[in-house]
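Hello,

Here is the structure we talked about, with some notes on what turned up in it. Please keep it open while you read.

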Amino acid sequence: MRTGRSSAGDRRLKGATFALVAAALLTVVGFPLFDLLRTTGEALADGGASSYRSGGAIAVANSVWTGAAATALALAIGTGGAWLTERVGGRGTKALRAGMMLPLLVPPFVTALGWTRAFGPGGLSDDAFGLTLPGLVGPLGIVVVSAAHVAPLVYLVVAAALASRARPELEWAARSSGAGPWEAFRRVTLPLLTPALVGGGALAFVASVNSFGIPAVLGIPAGFPTITTRIYQDLARSADPAAFSRVVVLAATLLVIALLAVGAADAATRRFEPARAGASHEPGRAGRGSRWTAAAWTYLALTAAIPVVALVLTGLTKAVGLPATPGNWTLANFAEALGGGIWGPAGRSLLLAGIAATLATGLGLALAAVSRRGVAKGMATAATLTFAIPGSALAVAVLLAWGPWLRDTLLLILLAYLAKFWALAHRAAAGSLGSLDRDLIRAGRSSGAGPFAVLRRIVVPILRPALTAAWLLVFLFALHELTMSSLLYGPGTETLAVVTLNVQQLGDLTVTAALAVLLTVPGVLAVVPLMRRERRP
Amino acid sequence: MTALLLDGARVSYGHAEILAGIDLSAEPGEVVALLGPSGSGKTTLLFAVAGFVPLSTGRIAVAGRDVSGPGVHEPPERRDVAFVFQSYALWPHLDALETVAFPLRAAGRDPDAAREEAGRLLRAVGMAGLEGRRPAEMSGGQQQRVGLARALARHAAVYLFDEPTAHLDAATRRAVQAEVAARRADTGAAAVYATHDADEALAVAGRVALIRDGRLVQVGSPAEAYEQPVDRWAAELTGPVSVLEIEVRGGIAVVGSEPSTLAEPFPDDGHHVVAVRPDWAHLGGPLTAVAVESWFRGPHTDVRLDTPGGAIVVRSPGRVMLRPGERVNWTLRRVWPLEA
């Protein structure tokens, strides 16, 4: 037997996995996007450029400038938070690391709703102090709430870079080479951090531009259109055939903007060396960061906790306009939310999220397994790109490609979920698979176990924490998903998030609040302790 | 003037005391090895001298100037100290030449002069022709040489080495040790060399400081550390050692009931627990024992014997063939008493 070559069985397994991954990628991403671009070409040739004249250009401009402004703000917030947890340190750092991620676990449109109930007219701060945030409903509100929502993405990337790439040691080496604090920052830390800042900024920009929930709540009532709300209004609320060609063109435009942002960031960071994994010292200077840590918690309370509390209180209050004091509390809104037709959508949402999480995790692991060597780089880039594809564009693409056969079925929504969340699961799987030493597998094989036995008894147990975390994350995101669901649902396939949006658009604020709370709180409460357990040690 | 002085230096995080009142000094040109197991506080001690961590109490002076102490905490760049990191800590975005030029630039040298000097230092550590390499394109030994050249470029009064050879193979390790010794002779600077390896500590240092749980247990010449360990822990840290229970009568060691005359007179008669280095005993002589095991090590063979006073490892030159269970004769020439 020749050594150094895998056996025929291994090759067949690998080949089958590869075929499965390729087929799935084509089904959920390749074919739909191809159809979107083909239809866009036809629409443009058909004089669809008028799409931009009939208000489309304004929506594009609005999306881009609010996205850029939110990105700038999110960069400041995320970098400040990362500096606090990775450099200043001190007591409570671990809790703050988890806390910085919390805003991501609240669906964007629930966050936006919460902000209006916390800081808008008739909200908590208005009731208590007569203070409202001017411009909350409008572009300013979109920028601020988007920034708060996407800041965790910047935080994640920059904190990881501060811990591994721009290790404190490298700063110390500069200081003990005679550089002052500013020079050490400018010549060592900043250059090392640049890829993270560019990458985190690109993520934040794409997430802001792709967001539908926030402008739906804060832009539509103000008559401030963005690409995503325009697509929603044209597709879901209009029967005009000309509107559909505008939807297609706008979806393609959004796709191009997102891919340009990611591509530019990728090109800008490619010339940097990859991060070297290394243990980082925990400076842990107790007490030094307490003032700033308190400021960070205050920020999190203001931007994430109080809006959710405001929603809970709104849901508990008899009618909008009454102060949210215990005397005015009632469970009637929750009863109304839970009565009637809620159980169908809730069950559908749980079913869809469960299936999507299971399939996405499996596919993510499969993709990570086949892309481990050789073509790994291209595959990984492709996977990252799918996550950057805007939900609105993806939904329109899936509708174009699979709508003729699957219109008004849950399968249509499931395909869109898989396309969107596959990358999320793949990242987690690839990360843990990358840290899985090949020698562990070799040891299993040389102990007499076949490829499947090694997979079952060695690989899966080692990967289980990461896969569990990936499953939970996809489950939660799918449960909260609104952008694509609101474009793809039909009679009998409404999800809980869609029902909540529809009730909100009808203007029943207290029931909307109750529904939003029901949609958000149980999932977050279930996931947070598990996420904390799966975090890096 | 003393190059480095630590006076009751203490470091604690919250309730955890990492360094407990360290007193240590180094004269110009002296190498002090800091020998201790991992987690003993070696790195923290070096970090305190370099200014990466503040002292809780106590004082550190470099070249006669207080850099840490009550109300004083000079930042690292204002201490006359250079650091060689265990993890190399090379900047991934700079090549070797730029890395070594960094301290020279920070000291105000103009770019061309800094690069010229950096090139000279890199050639001196055997990195000629590799000036354009970035850390990702270097082996561990090459990275450590660049780290060393970067420290040398600082022209400091005190050099701190944090296990600089921990990740290196034996040949590279010897080369780096030789370079450290040569540099020190050139510059007349003091050095503190942290390591967990006894051979290395005894070889590079003029003085050895043993550290355990943040305290210095013993400070002395390599010979003192090897021949006169203060306790059993220190004896085991500084090299191979056996512990025997013997009786001393009039300068003669009695193992079981058999006497062996010691090469150096032993002052106290009575029962003693003693440390015996492998070279303090040899095969052949008045004592009897049972051979248990033997390890051929090239220049010599280590033989483990079961004696009435306990197990002992005896070092014999060349190759010695012994069957386990075979009765052998041996001689005990030298012992060092351990506190109970």
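On the H2(B) side are B:Ala96, B:Thr99, B:Val100, B:Phe102 and B:Pro103, and they meet B:Val146, B:Ala149 and B:Arg150 of H4(B). By type, the residues of this contact are 6 nonpolar, 1 polar and 1 charged. Bear in mind that the model is predicted.

Two packed helices are described by the angle between their axes and the distance between the axes. Here the axes of H2 (residues 96-106) and H4 (residues 140-152), both of chain B, come within 7 Å and cross at roughly 25°. Angles under 35 degrees count as roughly parallel, so H2(B) is roughly parallel to H4(B). The crossing of H2(B) with H4(B) is right-handed.

Next, the sheet. Chain B has an open sheet of 6 strands in the order S7-S8-S9-S3-S10-S11, and its pairing is mixed. At the edges stand S7 (81-84) and S11 (215-220) of chain B; each has a single partner strand, so one side of each has no neighbour in the sheet. On average, neighbouring strands of this sheet are turned by 20° against each other, direction ignored.

Within the sheet, S8 (residues 158-162) and S9 (residues 190-195) of chain B pair in the parallel sense over 5 bridges. B:Tyr159 stands opposite B:Ala191 in S9(B). H4(B) also packs on the sheet, where it touches S7 and S8 of chain B, and its direction makes about 180° with that of S7(B).

As for chain A, its secondary structure comes to 22 helices and 0 strands. Of its 537 residues, 50% are buried.

Regards

Key
Residues numbered from 1 in each chain as written. Chains lettered and ligands numbered in written order. Predicted model: local features only at pLDDT ≥ 70, side-chain atom pairs only at ≥ 80, totals over all residues. Axes fitted to C-alpha atoms, helices over the stretch in contact; angles between N-to-C directions. Helix = DSSP H or I, 4+ residues; strand = E, 2+ residues; numbered from the N terminus. Parallel < 35°, antiparallel > 145°, perpendicular 65-115°, else oblique. Left-handed = near helix turned anticlockwise from the far one by under 90°. Contact = placed C-beta atoms within 7 Å. Nonpolar A, V, L, I, M, F, W, Y, C, P; charged D, E, K, R; others polar. Buried ≥ 20, exposed ≤ 12 C-beta atoms within 10 Å, placed from the backbone. Pairing = 2+ DSSP bridges.
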